[in-house]
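Try each task on your own before reading the solution.

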Amino acid sequence: MRLQVIDHPLVAQKLTTLRKKETPSPVFRQLVEELMTLLAYEATRDIDVEPIEIETPVAKTIGTALTHPLPIVVPILRAGLGMLSGMERIMPTAEVGFLGMKRDEHTLEAITYANRLPDDLSNRQCFVLDPMLATGHTLIASIDYLLERGAKDVTAICLLGAPEGLKTLEEHIGDRADVTVVLAAVDERLDENAYIVPGLGDAGDRLYGVVD
């Protein structure tokens with residue numbers, strides 16, 4: 001597993017505003033989209049491309065196109081939806097699938113409640129979008145799901161990660177798969193409720209409001 005923490009002043013500035021508890025939902029959503037665009041730019045550096053012949057108004061030339069099968073972007077519902085627009089801005093031709101997962105507040109394990117993905121992901125590059133890498137259980141379940149269906153490699157893009165979750169994920173993945181984790185920051189720790197500290201609160205609630 002490879003870890004990439006994006007060290008950029010604009011990433012740090014936008015993340016700081018996201019963390020503030022007084023930042024309202026509309027601003028929070030806009031900042032997540034902007035921050036995601038910056039993270040996606042870095043996360044797609046190793047995306048598969050191939051040469052393609054095109055014709056400009058002046059002459060023929062060789063350009064670059066994404067290879068087929070196209071990469072697939074997988075936001076984890078519901079909070080991952082807030083990151084999708086930023087990813088689509090960078091890679092509008094990618095396909096999009098969805099996984100609905102929630103954390104059992106007692107066991108802290110991930111429970112899958114929705115799935116809109118192809119059964120066969122052979123040779124596909126997959127990009128998983130989930131704002132918070134806390135315990136790591138949701139990402140583990142998501143990545144396992146994709147790899148079991150033949151994904152070529154998986155890149156997980158998160159706003160924040162906790163050391164405990166990163167350690168759990170790395171131990172689970174080991175050397176058995178090509179997995180990259182891209183983060184805006186690694187925070188201090190998890191609290192007794194498995195929330196990231198200092199974190200930014202519940203990303204889903206701050207994006208869309210509290211839903212019982």
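**Exercise 1.** Find which residues Arg124 touches, not counting residues up to four places away in sequence, and decide whether Arg124 is buried or exposed.

*Solution.* Keep in mind that this is a predicted model.
- Step 1: Arg124 sits in the loop between strand S7 (110-116) and S8.
- Step 2: list the partners. With residues up to four places away in sequence set aside, Arg124 touches Pro69, Leu70, Pro71, Ile72, Glu95, Gly150, Ala151, Lys152 and Asp153.
- Step 3: classify. Buried means under 20% relative accessible area. Arg124 has 9% relative accessibility, so Arg124 counts as buried.

**Exercise 2.** The UniProt record (unreviewed entry) gives a "binding site" feature that includes Pro131, Leu133 and Asp202. For each of these three, work out where the residue lies and how it is classed by accessible area.

*Solution.* 
- Step 1: Pro131 belongs to the loop between S8 and strand S9 (132-133). Its relative accessible area is 2%, so Pro131 is buried. Beyond its neighbours within four places in sequence, Pro131 is in contact with Ala79, Gly80, Met83, Cys158, Leu159, Leu160 and Ala203.
- Step 2: Leu133 is part of strand S9. With a relative accessible area of 1%, Leu133 is buried too. Not counting residues up to four places away in sequence, the residues that Leu133 touches include Leu139, Cys158, Leu160, Val181 and Ile196.
- Step 3: Asp202 lies in the loop between strand S13 (196-197) and helix H6 (203-208). Its relative accessible area is 32%, so Asp202 is partly exposed.

**Exercise 3.** Look around Asp202: how far is Ala79 in space, C-alpha to C-alpha, and which backbone nitrogen lies 2.9 Å from a polar atom of the Asp202 side chain?

*Solution.* 
- Step 1: Asp202 and Ala79 are 123 residues apart in sequence, and their C-alpha atoms are 8.9 Å apart.
- Step 2: the backbone nitrogen is that of Asp205.

**Exercise 4.** Describe the second largest pocket by its volume, its lining and the classes of its lining residues.

*Solution.* 
- Step 1: the volume is about 250 Å³.
- Step 2: the lining has 19 residues, with Arg2, Ala43, Asp46, Thr155 and Thr180 nearest the pocket centre. Elements that give two or more residues to this lining are strand S1 (2-5), helix H2 (25-43), strand S8 (125-129), strand S10 (153-161) and strand S11 (179-186).
- Step 3: sorted by class, the lining has eight charged, six nonpolar and five polar residues.

Methods: Residues are numbered from 1 along each chain as its sequence is written. This is a predicted model: local features need pLDDT of at least 70, side-chain atom pairs count only at pLDDT 80 or more; totals for chains, interfaces and linings use all residues. Side-chain values use heavy atoms; hydrogens and water are left out. On a 1 Å grid over the protein atoms alone, a cavity is a set of points where a 1.4 Å probe fits but cannot get out, and a pocket is an open set with protein on both sides within 12 Å along at least five of seven lines; lining residues have an atom within 4 Å of a point. Grid points are joined across faces, edges and corners, and a volume is the space filled by probe spheres set on the points. Helices (H or I, at least four residues) and strands (E, at least two) are DSSP runs, numbered from the N terminus. Ala, Val, Leu, Ile, Met, Phe, Trp, Tyr, Cys and Pro count as nonpolar, Asp, Glu, Lys and Arg as charged, and the others, Gly among them, as polar. UniProt positions are given in the numbering used here, feature names are shortened, and annotations may be inferred rather than shown by experiment. Buried means under 20% relative accessible area, exposed over 50%, partly exposed in between (1.4 Å probe, protein chains only). Contact means heavy atoms within 4.5 Å. A polar contact is a pair of N or O atoms within 3.5 Å; within protein, one must be able to donate a hydrogen and the other to accept it, and residues adjacent in sequence count only if both atoms are side-chain atoms.
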